[in-house]
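This report describes one protein chain and the way its parts are arranged. Please keep the sequence and the 3D view open while reading.

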Amino acid sequence: MSLLSLQRLTKNFGGLTAVSSLSFDVQPGSIVGLIGPNGAGKTTVFNLITGIYLPDQGEIMFRQSSILGMRTHKIVSLGIARTFQTIRLFQNLSVLENVLAGCHCQMRSGVLSSMFHTRRQRLEEREALTRSVRALDFVGLRAQAGQLARNLSYGNQRLLELARALATGPQLLILDEPAGGMNEQETRRLVALISKLRDTGITVLLIEHDMTLVMRVCEKIVVLEYGSKIAEGSPEAVKNDPKVIEAYLGTEKEW
Ligand SMILES: Nc1ncnc2c1ncn2[C@@H]1O[C@H](COP(=O)(O)OP(=O)(O)OP(=O)(O)O)[C@@H](O)[C@H]1O
């Protein structure tokens with residue numbers, strides 16, 4: 001049974017159809033890549049899944065239930081976390097504080113509990129701290145927990161975003177160009193981390209222009225062009241698909 005199922009999703013922006021009747025499934029425990037030329041609609045798909053946009057048509061099922069129309073924080077609490085194409089960190093907060101901020105939407109205590117610092121709130125804070133430290137450990141940034149985010153290298157800032165998403169305890173992790181701006185060594189480390197994530201039972205859906213990374217880590221690849229799916233299958237099958245080759249050759253820019 002699928003963990004995530006997109007069914008005939010369509011999103012228009014004025015006269016432009018950014019995503020057109022798109023359907024695909026993500027199986028639990030898999031690593032799926034969403035690729036396509038610039039402007040193909042990949043980020044829009046992520047924004048639809050995470051509740052930033054509402055589709056004009058279609059359905060989004062997570063664990064067999066519709067998440068259509070839900071607010072982003074509700075979707076996160078159900079077990080979907082994401083990172084963004086451009087780094088979105090609190091640069092003047094510490095590495096640990098950045099991860100803790102990501103846990104915030106999981107907390108149930110209200111304003112009154114915060115004001116009076118109730119037992120429940122203290123418990124939730126301690127749990128958030130444990131999860132945050134564990135996430136930093138996972139990405140290899142525990143030793144830098146006290147540093148300001150802005151003092152981390154670019155590659156480590158990307159890993160910090162990954163840790164922040166991980167600390168929410170997701171079943172599905174959505175990564176928008178996780179290797180963007182990384183050097184070769186950082187990319188290799190990321191590939192190992194993504195495989196390690198899957199080994200812990202987390203399902204990964206990623207957008208990535210680095211084809212070597214995509215081909216190396218993904219079991220399934222979905223290819224978009226002008227908002228429509230033109231291919232879906234194993235890296236080998238997709239690489240040799242004439243429609244994909246044509247779309248790839250037809251674009252001047254790197255995927
Ligand atoms: N909020 C918006 N309003 C209007 N048009 C938008 C909006 N978001 C995206 N688009 C348009 O929808 C199309 C798909 O954009 P999207 O960012 O999803 O593509 P992408 O495949 O992620 O591209 P890239 O690889 O460059 O990040 C583009 O033509 C884009 O200009």
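In this predicted model, strand β3 (residues 31–35) runs parallel to strand β9 (residues 220–225), and the two pair over four bridges. Within that pairing, Ile35 has Val223 of β9 as its bridge partner.

Both strands belong to an open sheet of six strands, ordered β6-β7-β8-β3-β9-β10, with mixed pairing. At the edges are β6 (80–83) and β10 (228–233), each of which pairs on one side only. From one strand to the next, the twist averages 15°.

The table lists them with their angles.

| Helix | Residues | Strands it lies across | Angle |
|---|---|---|---|
| α1 | 42–49 | β3, β6, β7, β8, β9 | about 145° to β7 |
| α6 | 154–166 | β6, β7 | about 170° to β6 |

In soluble globular proteins, nonpolar side chains tend to be buried together. Here the largest nonpolar core has 67 residues. Ala163, Leu173 and Val204 have the most contacts inside this core. Helix α6 gives the most to the core, with six residues. At least three residues of the core come from each of domain 1 (1–79 + 170–254) and domain 2 (89–169).

Which residues is Leu173 in contact with, leaving aside its neighbours within four places in sequence? They are Ala81, Ala165, Leu197, Ile202 and Val204. Val204, like Leu173, is among the residues with the most contacts inside the core.

Which element gives the most to the shell around the ligand? Helix α1 does, with three residues. Strand β2 (16–26) and α1 are the elements that give two or more residues to this shell. The residues around the ligand include Phe13, Leu16 and Ala18, and also among them are Gly36, Asn38, Gly39, Ala40, Gly41, Lys42, Thr43 and Thr44.

Another residue of helix α1 is Leu48. Is Leu48 buried or exposed? Leu48 counts as buried because 24 other C-beta atoms lie within 10 Å, and the cut-off for a buried residue is 20 or more. Not counting residues up to four places away in sequence, Leu48 touches Leu9, Lys11, Val19, Tyr53, Pro55 and Ile60.

Note on methods
Residues are numbered from 1 along each chain as its sequence is written. This is a predicted model: local features need pLDDT of at least 70, side-chain atom pairs count only at pLDDT 80 or more; totals for chains, interfaces and linings use all residues. Two strands pair if DSSP finds at least two bridges between them. Axes are lines fitted to C-alpha atoms, for helices over the stretch in contact, and angles run from 0 to 180 degrees between N-to-C directions. Two residues are in contact if their C-beta atoms, placed from the backbone, lie within 7 Å. A nonpolar core is a set of buried Ala, Val, Leu, Ile, Met, Phe, Trp, Tyr and Cys residues joined through C-beta atoms within 7 Å. A residue is buried if 20 or more other C-beta atoms lie within 10 Å of its own, exposed if 12 or fewer, and partly exposed in between; C-beta atoms are placed from the backbone. Domain bounds come from an automatic or database domain assignment. A residue is near a molecule or strand if its C-beta atom, placed from the backbone, lies within 6 Å of it.
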